[in-house]
Amino acid sequence: MLWQIALAILVCMILWKLFNTEHNDLDSVPGPAKFPIIGSAIIFFGLPPNKVFEELLKWPKKYGKRVVVTALYRYILHVYDIRDIEIVLSHSRNIKKSKPYVFIEPWLGTGLLVSTGSKWHRRRKILTPTFHFDILKNFMNVFEEKTKNLVVDLKQKVSEGSGVIEVMPFISDFTLYTICETAMGIRLDSDKSEAKLKYKQAIIDIGPLVMKRLTTIWLHNDFIFSLHPIGKKFAECLDSVHSFADTVIMERKKSYENDKKEVASGDRKQRLALLDLLLEAESKGEIDLEGIREEVNTFMFEGHDTTATALTFGLMLLADHEDVQERILEEVTSILGDSDRPPNTSELGEMKYLEAVIKEILRIYPSVPFIGREITEDFMLDDIKVKKGAEVVVHIYDMQRNEDLYPEPEVFRPERFLDGESRHPYAYVPFSAGLRNCIGQRFAKLEMKIALCEIIRHFRLLPVMKDARPTLKVDLILRSNDSIFVKFVQR
Ligand code: HEM
């Protein structure tokens, strides 16, 4: 029965393609060879994720600033040029995410990252105040504590051997523990109960499973996926993640009223978490418990790996540039003097050089290398019409390495962001731009700032192999294909 339905759908698609003679401007846009019916879908067939990324990077050189790929009846337009990127990201109604985001829906539901239309507008309005700077200040004690633990762990590791450390596992734990405590009020690091360990592992495993599905065309079908070992593992992860989040939400809800009384009497026992702000919105009828679960899961996803890869690439770049480390240290010393306490928010705000360092890290290695939209309303991309139903992929990674915008684009030079040179407003978009920009960017920058500041204060970083750059791969986020090692020398 299933095969008959699949065959009927395929026949309908073929007929639609054969008899649909409507003109489409995207037909004239260059791109990889398009075969009848299946289009160019087979170009990625069997390619490992690093080769997929390599292939995507070749396209603008081969075909130009706009590239069209087709797959059955779908048109996918890839844009690399700053002007096109501005038009797409600044459109006020084309805010729907493209097809691949569907695969993270079983995990995140239609939370802020995935939702669209009025639901997205409503949620964004509720959630925006929760990322206000005054709220973020409440998280400083968590940032400080987790950074301190990270430094202790790194020192321990240095004392055990040569000081050459694989960076990502340490940083990933740090960002995971930080987001878990700020989003849900849960300490994953101090309490190693089975549920917490299972949750941590599931959060780590789930991304690569989604990616495997994305790049394996036959696993796109829900039924086949559910029978495949990858689908089964994904279901197990979902189970752990959802049941853990549900338990935390219900427990926090129970203590919420109590906590409110404690806050009123100035005697809060629990640290504030984003979840508390969502529970407050629930008490006003603005969001329900299912909505809270969606948003908590969304924060856990968006707020952990993105920051971890940025910090990991950042430490690799810093290890190659001792002069940059020295300038960071000079700046920190000029602000904190001889004191060894961690900086507070206003002191972090004064660290303009460190800010430029973070900008340059995210220019060269934007954690989200490209983003996708499904077009819901026809629009003009200067001279061509992009019709409803098409998908557009915005190439942040490529644009931020364009030498017209950034001379010697491969060179790590934080001073670019200090020279006062005026830049096109869309030339730097690691947090995206327009309506659907990253709601957590201030959170991420604060977390990265305190982590880098404290690491540089305690360690001199040296490269294992100077100027070696890892092969990158396509994942839900930008990743190195090989582990990144840095030599840590205690100051
Ligand atoms: C270096 C760290 C980060 C980077 C580079 C980054 C980048 C991005 C980008 C490019 C988008 C747009 C995605 C798209 O259009 O598909 C986005 C959206 C989002 N980010 Fe981040 N992000 C970071 C950290 C965070 C953190 C720490 C949080 C939460 C605590 C967060 C929460 C979100 C959410 C909820 C959205 C969806 C916003 C919406 O559609 O309204 N991000 N992020």
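Me: Hi! Where is Pro470 found?
Reply: Pro470 sits in the loop between β8 (459-463) and β9 (472-474). Helices (H or I, at least four residues) and strands (E, at least two) are DSSP runs, numbered from the N terminus. This is a predicted model, where local features need pLDDT of at least 70 and side-chain atom pairs count only at pLDDT 80 or more, while totals for chains, interfaces and linings use all residues. Residues are numbered from 1 along each chain as its sequence is written, and side-chain values use heavy atoms, with hydrogens and water left out.

Me: Thanks! Is Pro470 buried or exposed?
Reply: Pro470 counts as buried, at 17% relative accessibility. Buried means under 20% relative accessible area, exposed means over 50%, and partly exposed is in between (1.4 Å probe, protein chains only).

Me: And how far apart are the C-alpha atoms of Pro470 and Glu410?
Reply: They are separated by 13 Å, and the two residues are 60 residues apart along the chain.

Me: Switching to the ligand: which residues come nearest?
Reply: Tyr101, Trp120, Arg124, Glu302 and Cys438 come nearest, out of 27 residues around the ligand. A residue is near a molecule or strand if one of its heavy atoms lies within 4 Å of it.

Me: What polar atoms lie by the ligand's oxygen atoms?
Reply: A polar side-chain atom of Tyr101 is 2.5 Å from an oxygen atom of the ligand. For Leu112, a polar backbone atom is 3.3 Å from a ligand oxygen atom.

Me: What about a nitrogen atom of the ligand?
Reply: A ligand nitrogen atom is 3.1 Å from an N or O atom in the side chain of Glu302. The elements giving two or more residues to the shell around the ligand are α5 (117-127), α13 (289-302), α14 (305-320), β4 (370-374) and α19 (441-458).

Me: How much of α13 is buried?
Reply: 11 of the 14 residues of α13 are buried, so this helix is largely enclosed by the rest of the structure. Among the buried ones are Gly291, Arg293 and Phe301.

Me: And α19?
Reply: α19 is mostly covered, with 15 of its 18 residues buried.

Me: New topic, rings! How many aromatic pairs are there?
Reply: A search of the whole structure finds 12 aromatic pairs. Rings of Phe, Tyr and Trp (its six-membered ring) pair if their centres lie within 6.5 Å; planes under 30 degrees apart count as stacked, over 60 as edge-to-face and the rest as tilted. In one of the pairs, Phe313 and Tyr365 have ring centres 4.1 Å apart and planes at 5°, so the pair is stacked.

Me: Where in the chain are those two?
Reply: Phe313 is in helix α14 and Tyr365 is in the loop between α17 (352-364) and β4, so the pair links distant parts of the chain, 52 residues apart.

Me: Buried or exposed, Phe313 and Tyr365?
Reply: Phe313 counts as buried at 2% relative accessibility, and Tyr365 is buried with a relative accessible area of 4%.

Me: Last one: what does the side chain of Asp276 contact?
Reply: A polar contact of 2.8 Å joins the side chains of Asp276 and Arg252. A polar contact is a pair of N or O atoms within 3.5 Å; within protein, one must be able to donate a hydrogen and the other to accept it, and residues adjacent in sequence count only if both atoms are side-chain atoms. The Asp276 side chain also reaches the backbone nitrogen of Ala273 at 2.8 Å.
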